Amino acid sequence: QVQLVESGGGLVQTGGSLRLACAVSGRTSSSYNMGWFRQAPGKEREFVAQINWGGDGTRYAHSVAGRFTISRDKTKSTVYLQLTTLKPEETAVYYCGASRYWSIDARTYDYWGQGTQVTVSS
């Protein structure tokens, strides 16, 4: 079992920044790739960014590339998502997930956190 706990969400104005954190605990000896997804009301969960177990491989959704940065601190067992130049349409619950696969498909993720709300005001 792997436990994931997100934090760092909040209310920010258009163009603002936030840093989300995902604390990873439990069976961390397994090599899980970590991803961030978001889900707005009435919409499907959407891929945002992913980082591999070693922390040296990343990829991003086209809509966030250049504005969001994913990173992981293996010492602290934490994965971060730095969000910059936020837009109102990016208001959503942001989730971190753990997957054995290098995948942007939410169905391939084995574990999820409870999510953290990000609200971008216009």
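The side chains of Arg38 and Glu90 meet in a salt bridge, with 3.2 Å from N to O; the term stands for a side-chain nitrogen of Lys or Arg within 4 Å of a carboxyl oxygen of Asp or Glu. Arg38 sits in strand β4 (residues 33–39) and Glu90 in the loop between β8 and β9 (92–99), so this pair ties together parts that are 52 residues apart in sequence. Strands here are DSSP runs of E with at least two residues, helices are runs of H or I with at least four residues, and both are numbered from the N terminus.

Before going further, a word on what you are looking at. This is a predicted model, in which local features need pLDDT of at least 70, side-chain atom pairs count only at pLDDT 80 or more, and totals for chains, interfaces and linings use all residues. Residues are numbered from 1 along each chain as its sequence is written, and side-chain values use heavy atoms, with hydrogens and water left out.

Let's stay with Glu90 for a moment. Glu90 also forms a salt bridge with Arg67, where the closest N and O atoms are 2.5 Å apart. Arg67 belongs to the loop between β6 (58–60) and β7, while Glu90 is in the loop between β8 and β9, so this second pair ties together parts that are 23 residues apart in sequence. How accessible are these residues? Glu90 counts as buried because its relative accessibility is 3%, and Arg67, at 12%, counts as buried too. Arg38 is likewise buried. The cut-offs are under 20% relative accessible area for buried, over 50% for exposed, and partly exposed in between, with a 1.4 Å probe and protein chains only.

A search of the whole structure finds 5 salt bridges. One of them joins the side chains of Arg100 and Asp110, at 2.9 Å from N to O. Both partners are in the loop between β9 and β10 (111–112), 10 residues apart. Asp110 is partly exposed, with a relative accessible area of 30%.

Now to the strands themselves. The protein has 0 helices and 11 strands. Four of the strands, in the order β1-β3-β8-β7, form an open sheet with antiparallel pairing; two strands pair if DSSP finds at least two bridges between them. At the edges are β1 (2–7) and β7 (68–73), each of which pairs on one side only. From one strand to the next, the twist averages 15°, based on axes fitted as lines to C-alpha atoms, with angles from 0 to 180 degrees between N-to-C directions. Follow β7 and you will see 6 bridges joining it to the antiparallel strand β8 (residues 78–83). Within this pairing, Ser71 stands opposite Tyr80 in β8.

Finally, step back to the whole protein. Its C-alpha atoms fill a box of roughly 45 × 30 × 25 Å along the principal axes. Buried residues make up 44% of the 122 residues. Among contacts between residues at least 6 apart in sequence, 56% join residues at least 24 apart, where contact means heavy atoms within 4.5 Å. The protein exposes about 6300 Å², and carbon and sulfur atoms supply 48% of that area, as given by the Shrake-Rupley method with a 1.4 Å probe.
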